[in-house]
Amino acid sequence: MTKLEYLLMYQKADLKKQQLENAVRTTESRQKLNKITKLLREQQTTIQKLTEDADAQKTVLAKLLAQQEGLSHELELNHSEMETLEADDQVTAEELTEFRQDVERLNRELSRLEKDVKTLLEQLENTSAEFQKARSLGGRAKKEYDRLKAVCEVEKNESAADITAATKEMETVERQVDPTFLAKYKRARVHHSMPVVPVVNEKCSGCNMSLPMAVIKKLISQETVLECENCGRVLYYQK
Ligand SMILES: [Zn+2]
């Protein structure tokens, strides 16, 4: 066997191994698992955001309730003061009117606050409902995730023996490949799953770049391989 034939045999073993590895990475269950992993992450983000929303709403609510309590207290004081004033002969009608206006203003503020509190409570209830929904969806997705994960694990174990055999085969062939050829192969393999390609119509069949005559002549006369200057693949001349 020639050096080139060993190199091609090595690539064949490598491709077989890659195919086995790709197959286990792209099974239906694996694709579903990838999808659901993404979904779970999105749901976690949603839950996180809803939790933050609820916390912010609770903070505002506490502030509003404190204001409400303060106003109620103030109004109570004003009521008793009003009774005192009304009983007092010295108080003018003007003073009484002013005082009543104050009380009315306080009442208006209080009812505005009550409205705000009500709105906020509704918002908080919505947030909480959304949170529950996201949590229950997340729980279901997690169950499906666990199930798929187990299926993928079985698939992986089933193909493990084949992959090990392919790896061994590759290693056996590797020992027979010329070290210079092998080094070129490994360099190109970093970027290409199929690093060795033939010259077709005086072009690199990997990237389609036209090759200089000198390169082609060298490939033919020296029965060697050369790296494509454009894509880095290992070129050989097919007789
Ligand atoms: Zn090329």
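These legends accompany close-up views of a predicted model. Residue numbers start from 1 in each chain, following the sequence as written. Local features require pLDDT of at least 70 and side-chain atom pairs pLDDT 80 or more, while totals for chains, interfaces and linings use all residues.

**View 1. Overall fold of the protein.**
The secondary structure comes to 5 helices and 4 strands. Both kinds of element are DSSP runs, numbered from the N terminus: helices are H or I with at least four residues, strands are E with at least two. From the N terminus on, the order is α-α-α-α-β-β-α-β-β. The radius of gyration is 40 Å, well over the 18 Å from the globule rule for 239 residues, so the protein is more spread out than a compact globule. That radius is taken over C-alpha atoms, and the rule is 2.2 Å times the number of residues to the power 0.38. Along the principal axes, the C-alpha trace spans about 130 × 45 × 25 Å. Of the 239 residues, 10% count as buried. Buried means 20 or more other C-beta atoms within 10 Å of the residue's own, exposed means 12 or fewer, and partly exposed lies in between; C-beta atoms are placed from the backbone.

Domain 1 covers 3-175 and domain 2 covers 181-236. These bounds come from an automatic or database domain assignment. The domain centres, taken over C-alpha atoms, are 54 Å apart. Domain 1 brings 9 residues to the contact and domain 2 brings 10. Contact here means C-beta atoms, placed from the backbone, within 7 Å. On the domain 1 side, α1 gives the largest share, 8 residues. By class, that side has 5 nonpolar, 2 polar and 2 charged residues. Nonpolar covers Ala, Val, Leu, Ile, Met, Phe, Trp, Tyr, Cys and Pro; charged covers Asp, Glu, Lys and Arg; the others, Gly among them, are polar.

**View 2. The largest nonpolar core.**
This core holds 13 residues, and L7, Y185, V196, V234 and L235 touch the most other members. A nonpolar core is a set of buried Ala, Val, Leu, Ile, Met, Phe, Trp, Tyr and Cys residues joined through C-beta atoms within 7 Å. At least two core residues come from each of α1 (3-25), α4 (179-189), β1 (196-200) and β4 (234-236). Beyond its neighbours within four places in sequence, V234 contacts K184, Y185, A188, P195, V196, V225 and E227.

**View 3. The four-stranded sheet.**
The 4 strands form an open sheet with mixed pairing, in the order β2-β1-β4-β3. Strands β2 and β3 stand at the edges with a single partner each, so one side of each has no neighbour in the sheet. Pairing requires at least two DSSP bridges between two strands. β1 and β2 pair in the antiparallel sense over 2 bridges. In β2, C204 is the bridge partner of V199.

**View 4. Two loop residues with positive phi.**
N208 lies in the loop between β2 (203-204) and α5 (213-222). Its phi is positive, about 75 degrees, although N208 is not a glycine. N208 counts as exposed because it has 11 C-beta neighbours inside 10 Å. E223 sits in the loop between α5 and β3 (226-227). E223, also not a glycine, has a positive phi near 45 degrees. With 13 C-beta neighbours inside 10 Å, E223 counts as partly exposed.

Definitions and conventions:
Two residues are in contact if their C-beta atoms, placed from the backbone, lie within 7 Å.
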